[in-house]
Amino acid sequence: MSATIAPGDRDTAQTVVALIGNPNTGKSTVFNGLTGLKQKTANYPGVTVERHTGSIEIDEQAVTLVDLPGTYSLTAQSPDEMIAIDVLLGKVESLTKPKAILAVADATNLRRNLFLITQLAELDIPIVLAVNMIDLAAKKGIEIDGERLAAALGIRVAPVIASDKTGFEQLEQSLATAIAESPPARPILLPTVHAAAGELWHKLDDAGRHLMPYEVERALIDAHGIAERRFELVASEQLFTELEDLRMILSTGSSLAAMEAKARYDLVDAVLKDVETRREPEVTFGERLDQFTNRPVISVVLFVLVMATVFQAVFSWATPMMDLIDGVATSLSNLLMVALPKGALASLLVDGVIAGVGSVVIFLPQILILFAFIIFLEDSGYMPRVAFMADRMMRSVGLSGQSFIPMLSSYACAVPGIMATRVIPERRDRIATMLSAPMMTCSARLPVYALLISAFVPDQHFMAGLINLQGLVLLGLYLLGIIGGIITALLLKKTVLSGPTPSFLIELPPYRMPNTRSMLIKLLARGKIFLTRAGSIIFTVAVLIWALAYFPRPQTILEDFDNRRLVAETTLQNPALKQQLFDLDQREAATLLEQSLLGRAGRFVAPVFAPLGWDWKISSAVIAGLPAREVVIAVLGTIYAVGDVESNENALITRLQDARHTDGTRVFTLPVVIGLLVFYAFALQCIATIAVMYRETNTWRWPLFAWLYMTGLGYTSALLIFQFSS
């Protein structure tokens, strides 16, 4: 089997295979192992749930592999779970009903995983079960007879080790066979309930209201679930009342959901009795490590050490690659300046494109290092332990460890962090988490932090070079974001979103060494997203800012400075002539920039930001960065490239360090820099975050509140820092 991407969007023309499994079973590793880099990410139509698909080829047939959200059962309570069911039932636009299901199960906890498999067997779709992590199961003394398991369930079973693709050949062969074969015989766990649901479906169908028989049965069993709400929307009031009456009669004092769960686990236990054998397990290194690191004090100390190491590496390891990118940009700028005549085109390419986009791309190594650490910690099983550790802290502000997971996701980007709040059942807690998540330091803030820290924080080392002052400052900014998010949640839960603290349950997967291939695929995907933004949004803004900073160019100013140069050339000799011409070039560039459209707009808004110690250039950059905060780097790069020729270096850091007011004083003093850092730690400058917050809450009230609150907090903090420290 070879992985290929079919041209265009051919989802509807291809055979669809749905990939599903419990969280922490290695489902993503299986997906990455089958599809490689040939993946697409989008949203399902009409919802903000992400859709991950990959194209593979089986026996010369194009197959679309759809990676469904991780779930423990098909009892839908959240949008993620509902999307999974809709894909399986063939009810999602642009995707045909799956020809087969590829389910992934954890061999070390097969009993829990088989609960979902028995539910999938009710969908009349062929199933291939990939029993993953058989190596870990063997270390725990667990042996699984795959042939007996396949015979007992009527499905195909392939034991695999997804981390090194062991067993994938058998898995691919099983998929090829399953696509063409009949589905397994459906297990009927509660015959009376199944028959009653069938009669109710016939009545619904006769009334011209259409749901699938499976959906009617789920509506009958799962009280207050999404299936029941869908039934209520299409059924008459009489039929809905009949459903409620049937549920009460059939449950006999219990609940149908509890009765079904017991019957399902009875079936699972009967299957496992014949297919699974257990012996005395070895005590693994991972289990010893787990026992040691889960102690309260040790877990907190370990977390701080891990985070400190990450931020030290962000500065220490990235420097060589950043220097290389900067060198390439500088060489390219010099080459263009020599090759092109002085004028608008040369300025556009050198000062607009290279200085603008290049000033952002230079931070790609730091972002990739940060992402690599985050991916490693997620895939190793450490992140769920951090969420468990944070539960007590989150409860002190009225939330739970369940809210910590979306906040943790926001370190990469607030958009998936806000989308991850869908797993929180209570709306008040979900909104409080949404409003706190943008406080976390996302990757868009990292270029701003890295620029200002590199330029104005000394590169000093302590403890024999192990501790870097720049890394400590970065760690402090990340902690500041956490504190801001916690305080925000506390204020909301004590006021407009007050309510009981939710319960929190989380599975702690075993520690394991992440799969290198899977990590690289995720890392490349995130790097691609960053470069796509640099090549689209940031490029567009950089060119626009260059145009605003370059035009108009009053002829009177150009003629005046040409005359001054002519006078200098006739009256002065080197080296005085060289210095005079250099000074004239500098003053001409500054004068033209002040007369440009950007200069006029910057001076117009400058009084608003003057109490923060910002000049009109900083004010212009911050305003231009409202759609996406990392754009401020491109804007500063363009402004200082166009208007500042004092430095022979092209590096933006050097230009900022040398920036002066008209009276000769430095622009970027320590109070200004600290204020800027804190402003960006708090301010909400991301249109995408605001848009997804609107889509998740279905109102502009909360996004508007978030923008006013966070931006106001950033402005006030920068104001207090500058005024008091000055």
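**Close-up views of a predicted model**

**View 1. Leu 676 and its partners.** Setting aside neighbours up to four places away in sequence, Leu 676 is in contact with Leu 452, Trp 614, Ile 618, Val 622 and Phe 668 (contact means heavy atoms within 4.5 Å). Within the largest nonpolar core, which counts 112 residues, Leu 676 joins Trp 614 and Phe 668 in touching the most other members. Such a core is a set of buried Ala, Val, Leu, Ile, Met, Phe, Trp, Tyr and Cys residues joined through side-chain atoms within 4.5 Å; buried is under 20% relative accessible area, exposed over 50% and partly exposed in between, with a 1.4 Å probe and protein chains only. Another core, of 43 residues, lies apart from it and includes Leu 68, Leu 114, Leu 153 and Val 268.

A quick word on the model: it is predicted, with local features needing pLDDT of at least 70 and side-chain atom pairs pLDDT 80 or more, while totals for chains, interfaces and linings use all residues. Residues are numbered from 1 along each chain as its sequence is written, and side-chain values use heavy atoms, leaving out hydrogens and water.

View 2. Thr 108 sits in the loop between β6 (100-106) and α3 (110-120); helices (H or I, at least four residues) and strands (E, at least two) are DSSP runs, numbered from the N terminus. With a relative accessible area of 13%, Thr 108 counts as buried. Its side chain makes a polar contact with the side chain of Asp 106 at 2.7 Å (a pair of N or O atoms within 3.5 Å; within protein, one must be able to donate a hydrogen and the other to accept it, and residues adjacent in sequence count only if both atoms are side-chain atoms). Beyond four places in sequence, Thr 108 touches Met 133, Leu 136, Ala 137, Lys 140, Ile 142 and Arg 278. As for α3, 10 of its 11 residues are buried, among them Arg 112, Asn 113 and Gln 119.

**View 3. Helix α31 and its surroundings.** In α31 (residues 687-697), the buried residues are Thr 689, Ile 690, Val 692, Met 693, Glu 696 and Thr 697. These pack against α19 (414-419), α20 (427-436) and α32 (701-725). Just past the end of α31, Asn 698 takes a positive phi of about 60°.
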